[in-house]
Amino acid sequence: MKTIAIKTLALFMMLMLGMQAQAQNIDEKMMVGTYEFNKSYEKVQEASDMGITMTIVLNATLTLNADHSVAREGVMELQMPFNEEGFSNTFILTFNFKSIGETWAVEDGNLVNDIKDLEVKFVDAKAEKNDMIAAMMLGELKKQGAVMEEGMKQSLVGKSTEKIVSVDEKGIATVDNSGGDFFYTRK
């Protein structure tokens, strides 16, 4: 019985080492290409003394070039629910974005992207329900478009790392820093 347990453990260890070795030897040539991706995640933004939870939705294309340069562009929506003193609505801010000078690399089984700069353009602000309070708030949000562009830019510039799970003709599967599964679909 003890021998079976030891052999099973040894087999498990060999499988784990094999999986890790496979992740470490990712063929970068297989990663070169253009991908579409849609990602949605929640973020808590501290504003004054109250936390506002917003959902960030990204719809974009990502091109990983053989020279390790990247072309990334798309649309980002910030969905911000507001529920205060009998008023309830969700405000949706839309931005276009495009990376500048972005690079990619595979390091220790991870996809590492480094965004040097980002063009961000405020497109629109709207509300799920149209009423007088929403109209006033939308007016203020639209006036702040340029300020919000700079804030978005600052929050997205820099390095990001995602663990590569698999790469094939369909796309790239990764796990982000928060443990969320993600798939880049090859075009």
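Me: What do β5 and β6 form, and how many residues lie between them?
Reply: In this predicted model, β5 and β6 form a hairpin with two residues between them. Asp108, in the turn, has a positive phi of about 50°.

Me: How many bridges join the two strands, and which way do they run?
Reply: Five bridges join β5 to strand β6 (residues 110–115), and the strands run antiparallel. Within this pairing, Ala105 has Val112 in β6 as its bridge partner.

Me: Which other strand is joined to β5?
Reply: Strand β3 (residues 69–84) is joined to β5 by two bridges, again in an antiparallel arrangement. Ser69 has Thr103 in β5 as its bridge partner.

Me: Which residues of β5 are on the covered face, and which on the uncovered one?
Reply: Glu102, Trp104 and Val106 make up the covered face of β5 (residues 102–107). Thr103, Ala105 and Glu107 make up the uncovered face. In a regular strand, side chains alternate between the two faces of the sheet.

Me: Changing topic: how many aromatic pairs are there?
Reply: Six aromatic pairs are found in a search of the whole structure.

Me: Why is the pair Tyr35 and Tyr184 edge-to-face?
Reply: The ring planes stand at 75°, with the centres 6.5 Å apart, so the pair is edge-to-face. An angle over 60 degrees counts as edge-to-face.

Me: Where in the chain are these two, and are they buried or exposed?
Reply: Tyr35 is in strand β1 (residues 33–47) and Tyr184 in strand β10 (residues 181–186), 149 residues apart. Both are buried.

Me: Which residues form the aromatic cluster?
Reply: Tyr35, Phe37, Phe182 and Tyr184 form one cluster. Lys39 lies over the face of Phe182, at 4.7 Å from the ring centre.

Definitions and conventions:
Residues are numbered from 1 along each chain as its sequence is written. This is a predicted model: local features need pLDDT of at least 70, side-chain atom pairs count only at pLDDT 80 or more; totals for chains, interfaces and linings use all residues. Side-chain values use heavy atoms; hydrogens and water are left out. Rings of Phe, Tyr and Trp (its six-membered ring) pair if their centres lie within 6.5 Å; planes under 30 degrees apart count as stacked, over 60 as edge-to-face and the rest as tilted. Helices (H or I, at least four residues) and strands (E, at least two) are DSSP runs, numbered from the N terminus. Buried means under 20% relative accessible area, exposed over 50%, partly exposed in between (1.4 Å probe, protein chains only). A charge sits over a ring if NZ of Lys or CZ of Arg is within 6 Å of the ring centre and within 35 degrees of the ring normal. Two strands pair if DSSP finds at least two bridges between them.
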